[in-house]
Amino acid sequence: MFRKAIVGCVLAIGLVALSACGSSSSSSSSSSSSSAASGGSTVDFYSSLPLQGASSAQTVPLVNGAKLALAQAGGKAGKFTVNYQSLDDSTAQAGKWDPGQTASNARKAAEDPKTVYYIGEFNSGASEISIPILNEAGVPQVSPANTYVGLTTNDPGSAPGEPQKYYPTGKRTFLRIVPIDTIQAAADLVAMKDAGCTKVAVANDKEAYGSGLATLLELQKAKYGITITSNTGIDPTAPNFRSYAATIKAQGADCFEFAGIVANGGVQITKDVAAAIPGVKIFGPDGMCTNTWTNPSDGGVPLSLAPQIECTVATQDLSAYPGGKAFLSAYQAAYHSVPDPYAIYGYEAMKLGLDTVASLGANGDNKADVLSALFATKNRHSVLGTYSFNADGDTSLTAYGLYKISPQGNPVFFKTITPSS
């Protein structure tokens with residue numbers, strides 16, 4: 001439903017034209033036609049997100065949110081016309097993000113002299129590839145989804161050499177508007193404790209995001225009185241996980257979390273664990289919290305498992321955000337659908353870039369000035385609430401939303417979890 005063409009893309013005749021609105025093509029562009037025709041100055045924005053495979057249920061609405069913000073701005077950031085290209089970092093063969101495609105997208109933006117802003121990546125493992133490329137070119141990069149701690153800090157859960165190895169110039173160029181996995185792991189543990197879990201088995205997909213989150217669950221478990229029976233890295237390409245399921249059943253696990261993304265075996269491992277341990281409570285992080293995991297009509301698990309599943313996303317009830325009701329109204333008017341929660345992050349990622357470029361006046365086409373202005377962002381009032389960036393590029397936002405699954409198989413907001421520390 002998220003691939004429907006946008007209706008009413010043109011906000012004012014002759015002002016805005018959004019090309020391929022709402023599409024999931026590998027490269028679609030949006031820009032202000034009248035300003036470009038009159039010879040106005042232009043800047044280039046890019047996004048790089050996996051628009052094929054299971055993650056597309058989250059990323060297509062995310063791109064739609066970005067296009068909506070651009071349309072509302074008349075296709076401009078201050079005096080500059082914004083040429084926006086939505087790039088796909090996935091491949092049909094992989095069915096998810098692809099390292100080579102991610103690198104190609106980053107190089108395209110890095111080699112473009114008019115690039116001042118890059119939205120991406122969606123997967124933390126992909127950002128491990130794109131950050132160094134963009135850093136060498138001094139391109140400001142803002143992720144609407146990355147949560148792996150090692151991209152910005154050497155906090156527990158990071159790997160040796162992180163985060164310095166991602167910044168060959170020695171200067172930070174990456175920021176994110178979602179809270180890091182230290183906070184998500186704590187939120188997951190709170191949810192497990194509230195659900196009455198006594199023994200939790202954790203599996204991870206061996207990617208930076210999944211393995212990092214699994215490590216953080218182990219590091220913080222004692223604070224929440226949770227016992228983790230095992231943390232196992234799985235082969236995402238395995239045909240089934242029945243042997244693994246039998247192993248954690250023997251460990252006495254009554255709860256299970258898959259730290260990873262849906263495309264990396266998330267559906268199959270959930271079905272196998274649920275079959276081996278009847279009634280097991282199942283948890284997933286934001287990489288799993290989508291209808292492609294929970295709705296059988298979208299390739300997800302059987303509807304019978306809906307009462308057993310809970311998942312976390314760095315979004316709460318969209319209508320409760322300061323600008324949430326207006327965002328929902330505008331999105332539904334444009335796309336005739338209720339957006340995945342990540343749509344609001346796409347909207348804010350774009351709006352942050354537009355506002356930052358506009359604030360610089362005639363210097364809005366200078367990527368070094370844009371970068372400095374982004375890191376200087378303090379107490380920004382946004383649809384997500386008020387937030388700032390620290391010197392690492394991390395947001396001051398700290399809340400995660402806990403979602404349960406509707407009888408129809410879709411994640412539905414349940415409550416907000418704000419870990420105490």
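The model is predicted, with local features taken only where pLDDT is at least 70 and side-chain atom pairs only at pLDDT 80 or more, while totals for chains, interfaces and linings use all residues. Residues are numbered from 1 along each chain as its sequence is written, and side-chain values rest on heavy atoms, leaving out hydrogens and water.

Disulfides make a friendly starting point. A disulfide is a covalent bond between the sulfur atoms of two cysteines; here the term is applied to a pair of cysteine sulfur atoms within 2.5 Å. A search of the whole structure turns up two of them. One joins Cys197 to Cys255, with an S to S distance of 2.1 Å. This pair ties together distant parts of the chain, 58 residues apart: Cys197 sits in the loop between helix H5 (181-194) and strand S11 (199-204), and Cys255 belongs to strand S13 (residues 255-259). Helices (H or I, at least four residues) and strands (E, at least two) are DSSP runs, numbered from the N terminus. The torsion about the S-S bond of Cys197 and Cys255 is -90°, and the link is left-handed. Are these two cysteines buried or exposed? Buried stands for under 20% relative accessible area, exposed for over 50%, and partly exposed for what lies in between (1.4 Å probe, protein chains only). Cys197 counts as buried because its relative accessibility is 7%, and Cys255 counts as buried because its value is 1%.

The other disulfide is formed by Cys289 and Cys311, whose sulfur atoms are 2.0 Å apart. With the bonded cysteines numbered in sequence order, the pairing reads 1-2, 3-4.

Setting aside neighbours within four places in sequence, Ala195 is in contact (heavy atoms within 4.5 Å) with Lys281 and Phe283. The C-alpha atoms of Ala195 and Lys281 are 8.1 Å apart, although 86 residues separate the two along the chain.

Helix H7 (residues 242-250) shows how a helix can have two sides. Its buried residues are Tyr244, Ala245 and Ile248. Seen down the axis of H7, they fall within an arc of 100° (taken from the directions from the helix axis to the C-beta atoms), so they line one face of the helix. An α-helix has 3.6 residues a turn, so residues three or four places apart point the same way. On the other side of H7, Arg242, Ser243 and Ala250 are exposed. The buried residues of H7 pack against S11, strand S12 (227-233), S13 and helix H8 (262-276). After H7 comes Gly252, which has a positive phi near 85°.

Elsewhere, two helices meet. The axes of helix H2 (residues 56-72) and helix H11 (residues 342-359) come within 7 Å and cross at roughly 40°. Axes are lines fitted to C-alpha atoms, for helices over the stretch in contact, and angles run from 0 to 180 degrees between N-to-C directions. H2 passes H11 in a right-handed crossing; a crossing is right-handed if the near helix is turned clockwise from the far one by less than a right angle, and left-handed if anticlockwise. Among the residues that meet are Leu62, Ala66 and Leu70 in H2 and Tyr347, Met350 and Leu354 in H11.

Finally, some backbone details stand out. Most residues other than glycine have a negative phi, and most peptide bonds are trans. The peptide bond joining Gly120 and Glu121 is cis, with omega about 0°, and Glu121 lies in the loop between strand S8 (115-119) and helix H4 (124-137). Another cis bond runs from Glu162 to Pro163, with omega near 0°. His336, which is not a glycine, has a positive phi of about 55° and is found in the loop between helix H10 (324-335) and H11. Asn379 is not a glycine either, and its phi is positive at about 50°.
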